[in-house]
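Subject: Structure handover

Hello,

Here is the structure for you to look through. My notes on it follow below.

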Amino acid sequence: MHREMFANIPGDNAHSVSYVPMNVCVVALDDPWRQRDGGTTRTRLLIDAVVKTGHNTSLVYVADPMSNAPVLPGVTVRTVTTPPLGERRWMRPLTSLKRKLLPLPTMRGGMIPRIGHYVAEVAPDILVVSQLRAAPYANFVPGAALWLDQADVWSLFLARETAARRGLPRATARMQLRHVLATERYWTGRAAAISTAGYGDQAY
């Protein structure tokens with residue numbers, strides 16, 4: 001995370017840094033407390049890190065109806081129960097076919113109107129998204145700085161997946177790879193800060 005996003009350096013003293021509380025909103029398309037894997041762990045750590053800086057922190061996420069929202073002191077929690085498009089019940093019969101043709105979730109499938117409403121309502125100074133397909137929520141708050149966290153670099157995964165496929169699945173995976181590469185270029189160019197899971201991803 002770039003320090004400058006959280007710092008205000010007075011002109012009288014170039015060596016002093018005072019932190020000015022800002023409104024920070026974290027958006028997650030997975031329930032960070034539903035399961036413990038690398039992605040959800042990163043989301044919880046992101047929330048902890050923001051809270052520890054002393055900023056006004058909000059969390060908007062897709063909650064599992066079977067899980068209880070945690071009590072997070074100092075955090076305003078907003079939840080929705082509508083999952084991303086590919087995870088909805090009526091889509092399940094098509095999931096296997098979809099993955100054969102398009103290995104990764106689509107960007108459009110990650111857009112949930114209620115999340116956009118909550119993000120606009122919070123009006124954050126900084127919007128933190130825990131994966132690439134949540135980046136378009138920045139369009140609801142054009143004045144906010146975007147912090148893009150990538151637990152996985154999608155194009156790296158897709159490049160490997162495309163190479164392993166043959167026939168039509170390879171052609172459609174290659175189409176998705178081109179789209180993801182363009183999407184990554186756009187949102188990493190627009191982001192004020194980017195964090196990644198490992199050195200290899202950062203170097204990429």
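**Salt bridges**

Arg165 is buried, at 12% relative accessibility. Here buried means under 20% relative accessible area, exposed means over 50%, and partly exposed is in between (1.4 Å probe, protein chains only). The side chain of Arg165 meets that of Glu161 in a salt bridge, 3.1 Å from N to O. A salt bridge is a side-chain nitrogen of Lys or Arg within 4 Å of a carboxyl oxygen of Asp or Glu. Glu161 counts as partly exposed, at 25% relative accessibility.

Before going on, a word on the source. This is a predicted model, in which local features need pLDDT of at least 70 and side-chain atom pairs count only at pLDDT 80 or more, while totals for chains, interfaces and linings use all residues. Residues are numbered from 1 along each chain as its sequence is written, and side-chain values use heavy atoms, with hydrogens and water left out.

How many salt bridges does the structure hold? There are 3. Another joins the side chains of Arg42 and Asp149, at 2.3 Å from N to O. This pair links distant parts of the chain: Arg42 is in helix H1 and Asp149 in strand S7, 107 residues apart. Helices (H or I, at least four residues) and strands (E, at least two) are DSSP runs, numbered from the N terminus. Asp149 is buried, with a relative accessible area of 1%.

Arg78 and Glu121 also meet through their side chains in a salt bridge, at 2.4 Å from N to O. Arg78 lies in strand S5 (residues 75-80) and Glu121 in helix H3, so this pair ties together parts 43 residues apart in sequence. Arg78 is partly exposed, at 22% relative accessible area. Glu121 is partly exposed too, at 46%.

**Overall layout**

The chain has 6 helices and 8 strands. From the N terminus, the order is β-β-β-α-β-β-α-α-β-β-α-α-β-α. The chain has 204 residues, and 40% of them count as buried. Contact means heavy atoms within 4.5 Å. Among contacts in the chain with a separation of 6 or more, 62% come from residues 24 or more positions apart.

**Nonpolar cores**

In soluble globular proteins, nonpolar side chains tend to be buried together. A nonpolar core is a set of buried Ala, Val, Leu, Ile, Met, Phe, Trp, Tyr and Cys residues joined through side-chain atoms within 4.5 Å. The largest one here has 30 residues. Those with the most contacts inside this core are Val27, Ile115, Leu127, Val129, Tyr137, Leu146 and Trp187. The elements that give two or more residues to this core include strand S3 (23-28), helix H3 (113-122), strand S6 (126-129) and helix H5 (167-190). H3 gives the most, with 4 residues.

What does Leu127 touch, not counting residues up to four places away in sequence? Its partners include Cys25, Val27, Val119, Tyr137, Leu146 and Trp147. A second, separate core has 15 residues, among them Leu46, Ile47, Leu59 and Val75.

**Aromatic rings**

The structure holds 3 aromatic pairs. In one of them, the rings of Tyr137 and Phe140 have centres 6.0 Å apart and planes at 25°, so the pair is stacked. Rings of Phe, Tyr and Trp (its six-membered ring) pair if their centres lie within 6.5 Å; planes under 30 degrees apart count as stacked, over 60 as edge-to-face and the rest as tilted. Tyr137 is buried, at 0% relative accessibility. Phe140 is partly exposed, at 39% relative accessible area.

**Two loop residues**

Pro32 is in the loop between S3 and helix H1 (38-52). Is Pro32 buried or exposed? Pro32 is buried, with a relative accessible area of 1%. Leaving aside neighbours within four places in sequence, Pro32 is in contact with Thr40, Thr43, Arg44 and Tyr61. The C-alpha atoms of Pro32 and Leu45 are separated by 9.9 Å, and the two are 13 residues apart along the chain.

His55 is in the loop between H1 and S4. His55 is also buried, with a relative accessible area of 5%. The side chain of His55 reaches the backbone nitrogen of Met22 at 3.0 Å.

Best wishes

How values were computed
A polar contact is a pair of N or O atoms within 3.5 Å; within protein, one must be able to donate a hydrogen and the other to accept it, and residues adjacent in sequence count only if both atoms are side-chain atoms.
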